Amino acid sequence: MSLDLTIADLKEKARRRVPKMFFDYADSGALTESTYAANEADFGKIKLRQRVLVDMTGRSLASTMIGEKVSMPVALAPTGSTGMQHADGEILAAQAAQEFGVPFTLSTMSICSLEAVAEATTKPFWFQLYVMRDRDFVYNLIDRAKAAKCSALVLTLDLQILAQRHKDLRNGLSAPPKFTPSSIWQLASRPGWCMKMAGTKHRTFGNIVGHAKGVGDLSSLASWTNEQFDPKLSWNDVEWIKERWGGKLILKGILDKDDAVMATKTGADAIIVSNHGGRQLDGAPSSISVLEEIADAVGDKIEVHMDGGIRSGQDVLRALCLGAKGVYIGRPFLYGLGANGKAGVTKALEIIRKELDTTLALCGRRDIGEVGKDMLHR
Ligand code: FNR
């Protein structure tokens, strides 16, 4: 039995347990994947200052994100088709996050529906919204998120059109799945995954199928989705969404300081500095490389969060030092889920917490709320 000591260990275990087309769906970026690679690589360029002979007892990682208490400032990012990494994936990840005391964000493109996740949890989760052209569908989805008692709406801004991931096309990833010799082999070689999937009732996109006009099953879903992302989305749309939702609002997918300044004028509670995990604009800078200038540009006008490339507690600390109040992990929790279901998601969070705690101490600090740029070698 191999030990799961790092997020990379969980990734390798997930690779062995999840059918290739679904593992690759998580482990891929747009086009040449240069932004996907930079997200991770750029963290390594940021060096931490080691301090000695300071009292490191009584450390605390507890903080807040948009005013909600968190046991550490690390949320689970919204990821589509999470239920394909492991049966009931969204429910298991939400339960793991709840027990750990960190926020879980459910994607519009989740397999388990809003209602199913709400039924399986007691703590409010956050809901990520994609704004589709069919506004009646969007109004309804916002109302469903309210009824499910979600405590924040995460509005994704960087997917007005869909970029291309070559791996998905090469693997023939589609909804419904096409059965070719290759896809049959991918499934047959992962019997544990198949058995769990056969045992769940959550196998379709529960927020959409049966709710969007004309989408009664998986076959109608693919064409609906492709034509529904809205290339005309504008800052004015943020206004009516905010009004209809009426609760905490987080704007996700800001990578430019001018957009960040625009975001401060919307009255939203937070922005997420993000390039969608390198899945949209290939060639864009890594999130961590633009975080500082964005945080400086908005000052204390809006809370700044970030995601993209975090693979360790050291990375979390680097982002917090550069101005993030909290961060999100996408693939790290997906790898945990694929490796070992709910226990794997908990493991991913434990790995990050342990690394964060040790790193904080060795940098000579005791409280996660007291970190800053002075902790970095510039
Ligand atoms: C995503 N991401 C994403 N974002 C979003 O707003 N809605 C979504 O449905 C999805 N779907 C999705 C699927 C998968 C498989 C991945 C990997 C990512 C982006 C996600 O929220 C987040 O921005 C990145 O995952 C952060 O980068 P890391 O932590 O994966 O490196």
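**Close-up views of a predicted model**

**View 1. Strands β4 and β5 sit side by side.** Strand β4 (residues 105-106) and strand β5 run parallel and are joined by 2 bridges.

**View 2. Strand β5 has side chains pointing both ways.** In a regular strand, side chains alternate between the two faces of the sheet. Here's how that looks in β5 (residues 126-129): Trp 126 and Gln 128 point one way, while Phe 127 and Leu 129 point the other way. Are these four buried or exposed? All of them are buried.

**View 3. Strand β5 also pairs with β6.** These two strands are parallel too, with 4 bridges between them. Find Trp 126 again: its bridge partner in β6 is Ala 152.

**View 4. Strand β7 pairs with β6 and with β8.** Start with strand β6 (residues 152-156), which runs parallel to β7 and is joined to β7 by 5 bridges. Val 154 has Ile 250 as its bridge partner in β7. Now look at strand β8 (residues 270-273): 4 bridges join β7 to β8, and these strands run parallel as well. Here Lys 252 stands opposite Ile 272 in β8. Between β7 and β8 the chain passes through helix α12 (residues 257-264), and this β-α-β crossover is right-handed. How many of the 7 residues in β7 (residues 248-254) are buried? The count is 6, so β7 is mostly covered.

View 5. Which of them come nearest? They are Ala 77, Gly 80, Ser 107, Gly 277 and Gly 330. Sorted by class, the shell around the ligand holds 12 polar, 7 nonpolar and 4 charged residues.

**View 6. Zooming out, the protein chain has 15 helices and 10 strands.** Its C-alpha trace spans about 60 × 55 × 40 Å along the principal axes. A compact globule with 378 residues would have a radius of gyration near 21 Å, and the protein chain has 20 Å, so the two agree. Of the 378 residues, 49% count as buried. Among contacts with a separation of 6 or more, 72% come from residues 24 or more positions apart.

Methods. Residues are numbered from 1 along each chain as its sequence is written. This is a predicted model: local features need pLDDT of at least 70, side-chain atom pairs count only at pLDDT 80 or more; totals for chains, interfaces and linings use all residues. A residue is buried if 20 or more other C-beta atoms lie within 10 Å of its own, exposed if 12 or fewer, and partly exposed in between; C-beta atoms are placed from the backbone. Two strands pair if DSSP finds at least two bridges between them. A crossover is right-handed if, with the strands pointing away from the viewer, the path from the first strand over the helix to the second runs clockwise. A residue is near a molecule or strand if its C-beta atom, placed from the backbone, lies within 6 Å of it. Ala, Val, Leu, Ile, Met, Phe, Trp, Tyr, Cys and Pro count as nonpolar, Asp, Glu, Lys and Arg as charged, and the others, Gly among them, as polar. The radius of gyration is taken over C-alpha atoms; the globule rule is 2.2 Å times the number of residues to the power 0.38. Two residues are in contact if their C-beta atoms, placed from the backbone, lie within 7 Å.
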